[in-house]
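Q: Could you show me, step by step, how the features of a protein model are read?

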Amino acid sequence: MEEKWEVQIFVNGQDIRLKDFPKRAIYNVVLGFVKSLKLDESPKEIEIKVKVGKEENTGDT
């Protein structure tokens, strides 16, 4: 049975088209992190949301 998987990235609400290599890299990295969390059940869907904002103190002088 073939495993069905999908990776989508949205930036500012716009769907970003990814080629095969970045899709596979993102899939494997994220799935590896999630599996390391020792959850009670196997992940069926993983959703990540990252908000980017300016930090008031970046450490730069």
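A: What follows takes up the fold, an aromatic pair and a pocket in turn. This is a predicted model, in which local features need pLDDT of at least 70 and side-chain atom pairs count only at pLDDT 80 or more, while totals for chains, interfaces and linings use all residues. Residues are numbered from 1 along each chain as its sequence is written, and side-chain values use heavy atoms, with hydrogens and water left out.

Q: Which pattern does the protein chain follow along the sequence?
A: Helices (H or I, at least four residues) and strands (E, at least two) are DSSP runs, numbered from the N terminus. Here the protein chain has 1 helix and 2 strands, and its pattern along the sequence is β-β-α.

Q: How is a pair of aromatic rings described?
A: Such a pair is described by the distance of the centres and the angle of the planes. Rings of Phe, Tyr and Trp (its six-membered ring) pair if their centres lie within 6.5 Å, and planes under 30 degrees apart count as stacked, over 60 as edge-to-face and the rest as tilted. The whole structure holds 1 aromatic pair: W5 and Y27 are tilted, at 4.8 Å centre to centre with 35° between the planes. Because W5 lies in the segment before β1 and Y27 in helix α1, the pair ties together parts that are 22 residues apart in sequence.

Q: Which element gives the most to the lining of the largest pocket?
A: Helix α1 does, with 5 residues. The lining residues divide into 13 nonpolar (Ala, Val, Leu, Ile, Met, Phe, Trp, Tyr, Cys and Pro), 8 charged (Asp, Glu, Lys and Arg) and 4 polar (the others, Gly among them). On a 1 Å grid over the protein atoms alone, a pocket is an open set of points where a 1.4 Å probe fits, with protein on both sides within 12 Å along at least five of seven lines, and lining residues have an atom within 4 Å of a point.
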